[in-house]
Amino acid sequence: MDERYNPAEIEPKWQKRWADSGAFSVSEDKSAEKFYLLEMFPYPSGRIHMGHVRNYSIGDVLARHMRMRGKRVLHPIGWDAFGMPAENAAIERGRHPAEWTYDNIAQMREQLKKLGLSYDWSREIATCDPSYYRHEQAVFIAMLERGLAYRKHALANWCDHCATVLANEQVEDGKCWRCGNVVVQKAMAQWFLRVTQYAEELLAGLDTLAGRWPDEVREMQRNWIGKSFGAEVRFPLEAIDIPGKQPSALSGEREIAVFTTRPDTLYGVTFMSIAAEHPLALELAQGTEREAEVRAFAEKIQLEHKVKKGADAGDKRGVFTGRYCIHPLTGSKVPIWIANFVLMDYGTGAVMAVPAHDERDFEFAKAYGLPVQVVIQPAGRALAGAQLTAAYTDPGVMTNSGVFDGVPSEEGKRKVTEKLVAENKGRATTSFRLRDWLVSRQRYWGCPIPVVHCETDGIVPVPTQDLPVALPLDVTITGVGGSPLAKVDSFVNVTCPKCGRPARRETDTFDTFVESSWYYDRFTTPRHEGAPVEPNEAREWLPVDFYIGGKEHAVMHLLYARFWQRAMIDLGFLPKDTPREPFSRLLTQGMVCKEFYSRTAEDNPAHKLYFYPEETELRDDGVRVLKADGNEVFVGNVVKMSKTKRNIVDPDEIIGEYGGDTARVFMLFAAPPEGQVDWTTAGVEGAHRFLQRVWRLVRDRLPQIASVAAYKSVGELSLAAAEVRRATHRTIQRVTFDLGERYQPNTAIAALMELMNAISAFKGETADDHAVVREGIETLLVLLSPFAPHVADELFEHMGGKGTLLHHAWPKLDESALHEATVEVPVQINGKVRARITVAKDASEEVVLAAAKANERIAAELSGKTLKKAIYVAGKIVTLVIG
């Protein structure tokens, strides 16, 4: 074998062998237990980054491990290929989105193969392929027919100059990313999926995932679904007269409905807060002197991201509409405000404001001088609204609440609700924060929505036999003037499937979350043409046994996938006995970050210079300096930047210099899967040195062990050899547990490093010693294979092995080898420990004392002294008393 470890030669060799032999294809042995492992598939942005390397390396280790343990593994890969970046690339670089996307797929495919990932490439899919999205069009049509899909008007970001809808990420500081024009909200017809129909089931399903999904992810989904118990209260609008409108337009027959979990505080309402998107927000101020101010405020708030205007928004801002509603129990007038912290996607988009007992309402009331009315008093204290410095939100006794004065607040919730029901002014209800899924996008590069619009028959679904509705490729994408699909006459102008008259095809496309909501199903039968899946194969493989991806997808993607799985079952696309949870176990891996330091260039203040930690030195005075040839090139106020710049290391550079196995080992060893990896060159070099040491170990020991078989528990071993064998089987035990139960590849690699050290330190001479070494090295290579498959296969071949270790059985644990044959015993003289000796666990006192006296340091201490007493506590300690 070669003297040096050379991944540039080894890795292409094994990648070709694996590909030529179909090593990663799904086994045909259906008697084996199935294991479906899936990582969240990538968007083909052009190049993979180290975050990809980490995600897919974690998955590949588990896939290889399970295959070697005899399971029938499905480990597929594909491309989440629709999306706005491709369309932006077309605008900026003049390349067609399809060309850009497929070129990127080709490049990223080759990058992934360089890592030795064990994907079954025969199952590769791209969601922009009509053979894929034709099936989601069929599912959508079934949803439409079942009432799970519908169309209604909703607000969208609109740029008048570009005459197009913008995604949230295309709005920068309230302006169009392309032209800088102010973005406004425009009501447009949009398509929705009725996710709320499954809200209760989606919430209950989270309990079944306890212990298998991270608690944090389940809690995030639980909060997003947002089930609350309380009351719906109806506040009639004050009858008003608007010039130029009929009095009935906003009469007492109209009302604002609110949901509250605190009906016991109803008598403390001093104003009404509604969301900027509320249907009445602009209508209330129409025809009044406040109309312009209200419209400007509402449009500004509508553009702000929901995170910034939610319940935890730092600033509480609002505007008075000039209108009032009527308190349902007191009959008093309640002013109606638009507030930035009220969300349209929770409850009804209106909040009865009780500033004495709600912190946001209290802050808002103080900011705008609104009344604060205490209606819950704590035991033993008397609160007054004018003196409050914060809202009182704990339980207490109702006060200033009419007939309910003196009622405990918890009891008051029920009693107030009963009164509302009795007077037909409200009802007990359950509210969900979850809203139906808006799936239509006014963009080109997406799956066409399969309906036509007919003046006679309205919305008509495309017949399933006419699917797919293929996305036309002969388009010009400019970024202005709306979706380019609307300008393709051959696409838009069609015949109504129902009446045969002229009709227009829908020009909106699906949100890309639609494609990623069912791709895991398609992987079970990616070439099946008659339906999204072949039912028998789907039943065999689903659910996904282990799903890996970033925590950033904890809510939207995972929630939509859970909804889509249930809909597919209920609509008959999946067998009725298919598990309704698509992902049995979920692992959310941490980020990959690179720490760096920055300073402003002296000759150009706008230019930043960046230095990585390994490129700098920290002086005694705390200043970092960049050194070259021993001289300080820069001395100044270097500021350590926060770790917000991620994935800035090109995997191809790492693979080119160190090899794909090194990249894998570093990523897997640097931190637990859920933790953050801080990228350092020193860490990469450390991983590379480990693989070099494994190479040298095999190279140096091969002459001794080439002609012997691995030890088979026959014959007596020396204490040192028994210790090496114990290390071998202890490592089998640890790695098996770390991968199969704990899913912690980092500690498994640490165990492999310890085994390598134990074998390297053993200088065996007998045939049994060599057999023990061979067993240890063979075990090391087999256990290393999931982490560093190229070098493991290469060294296994040099050891006389055939084929790939992927098809080799996982090592079997010999429990008897774990028995500790030796023990380390401290030796103390006159009460002080002077040395430690290793002896057989069952050694007699005579043997142990002799070994103690033979120890070089103990012998020196005893020289010229009288040994008065010698005691051995078996396996614990040797005590010597001298004089």
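How many salt bridges are counted between domain 2 and domain 4? The count is zero, where a salt bridge is a side-chain nitrogen of Lys or Arg within 4 Å of a carboxyl oxygen of Asp or Glu.

Before we look further, a word on the model. It is predicted, so local features need pLDDT of at least 70 and side-chain atom pairs count only at pLDDT 80 or more, while totals for chains, interfaces and linings use all residues. Residues are numbered from 1 along each chain as its sequence is written, and side-chain values use heavy atoms, with hydrogens and water left out.

**Two domains side by side**

The domain bounds come from an automatic or database domain assignment. Among the domains listed there are domain 2 (153-191) and domain 4 (448-478 + 489-508). Their C-alpha centres lie 25 Å apart. Four residues of domain 2 are in contact with six residues of domain 4, contact being heavy atoms within 4.5 Å. Together the two domains bury about 330 Å², 55% of it on carbon and sulfur atoms; buried area is the accessible area (1.4 Å probe) that two parts lose on being put together, summed over both.

**Backbone features to find**

Most residues other than glycine have a negative phi, and most peptide bonds are trans. Here are some places to look at with that in mind. Helices (H or I, at least four residues) and strands (E, at least two) are DSSP runs, numbered from the N terminus.

| Feature | Value | Loop location |
|---|---|---|
| Cis peptide bond, Leu467 to Pro468 | omega about 5 degrees | Pro468: between strand 22 (458-461) and helix 11 (489-492) |
| Cis peptide bond, Leu542 to Pro543 | omega near 5 degrees | Pro543: between helix 13 (535-541) and strand 26 (546-550) |
| Positive phi, Asn400 | phi near 50 degrees | Asn400: between strand 17 (397-398) and helix 10 (409-422) |

**The second largest pocket**

On a 1 Å grid over the protein atoms alone, a pocket is an open set of points where a 1.4 Å probe fits, with protein on both sides within 12 Å along at least five of seven lines; lining residues have an atom within 4 Å of a point. The second largest pocket has a volume of about 580 Å³, a volume being the space filled by probe spheres set on the points. Its lining has 22 residues, and Phe259, Tyr346, Val351, Asp358 and Arg360 lie nearest the centre. Strand 11 (255-260), strand 15 (350-353) and helix 9 (359-368) each give two or more residues to this lining, and strand 15 gives the most, with three.
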